[in-house]
Amino acid sequence: MQLSASSHDERLTAPRSWWVIAVMVGLACALMLLPLGTAALLGGLVGGTALAGALVSSYGSARVRVVGGALAAGEARIPVTALGDPEVLDAEEARAWRTYKADPRAFMLLRGYVPTALRVEVTDPADPTPYVYVSTREPHALAAALKAAGAGA
């Protein structure tokens with residue numbers, strides 16, 4: 001798939017410390033199975049680490065893309081024609097929109113380990129969703145891609 005100049009593609013991968021925790025979960029599983037012998041210990045190490053790693057990987061596999069005239073955030077696909085102007089949120093403002101400013105009707109692709117975000121009003125009158133909140137490490141690039149996609153639509 002070739003991306004146009006107005007596209008944006010980002011994966012919200014989990015931080016490295018989460019992978020260290022996954023290994024520590026494997027070690028804990030191994031220690032719990034230590035009284036059962038070496039084979040159980042190794043099975044617990046491999047199995048516990050694999051399971052914890054799979055959980056970290058699946059949570060960190062969320063993608064944010066602007067492609068084909070739509071914002072694809074996780075499983076959601078929103079046409080840029082249904083979106084207003086994007087608002088770049090720094091870490092402090094993003095935290096505010098995740099907490100006390102949040103609207104329960106909003107669509108949020110939220111990852112707490114990503115400090116910055118983008119907030120975009122939903123302009124479609126048939127949609128009850130007031131805005132889209134997307135965690136992103138590159139909020140300015142995502143905003144530019146949305147604006148370019150909207151201008152091309």
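Trainee: Which residue stands opposite F107 in β8?
Mentor: V132 in β8 stands opposite F107. Please keep in mind that this is a predicted model, where local features need pLDDT of at least 70, side-chain atom pairs count only at pLDDT 80 or more, and totals for chains, interfaces and linings use all residues. Residues are numbered from 1 along each chain as its sequence is written, and side-chain values use heavy atoms, with hydrogens and water left out.

Trainee: What makes β6 and β8 a pair?
Mentor: Two strands pair if DSSP finds at least two bridges between them. Strand β6 (residues 107-109) is joined to β8 by three bridges, and the two run parallel, so they meet that definition. Strands themselves are DSSP runs of E with at least two residues, and helices are runs of H or I with at least four, numbered from the N terminus.

Trainee: How does β7 pair with β8?
Mentor: Strand β7 (residues 117-122) pairs with β8 in the antiparallel sense, over five bridges. In one of these, E121 has Y131 of β8 as its partner.

Trainee: Why is β8 described as largely enclosed?
Mentor: Five of the five residues of β8 (residues 131-135) are buried, so the rest of the structure largely encloses this strand. Buried means under 20% relative accessible area, exposed over 50%, and partly exposed in between (1.4 Å probe, protein chains only). Y131, Y133 and S135 point one way, V132 and V134 the other. In a regular strand the side chains alternate between the two faces of the sheet.

Trainee: Why does S7 count as buried?
Mentor: S7 has 18% relative accessibility, so it counts as buried. This residue lies in the segment before β1. Leaving aside neighbours within four places in sequence, S7 is in contact (heavy atoms within 4.5 Å) with V66 and A145.

Trainee: How do you know that the span of α1 is close to the expected one?
Mentor: The expected span is 1.5 Å times one less than the number of residues. Helix α1 (residues 16-32) has 17 residues and reaches 25 Å from its first C-alpha to its last, close to the expected 24 Å.

Trainee: Which residues of α1 are buried?
Mentor: A22, G26 and A30 are. They cover an arc of only 85° around the axis, which puts them on the same side of α1; that arc is taken from the directions from the helix axis to the C-beta atoms. The buried residues of α1 pack against α2 (38-59), while the face turned away from the buried side carries the exposed M24, L31 and M32.
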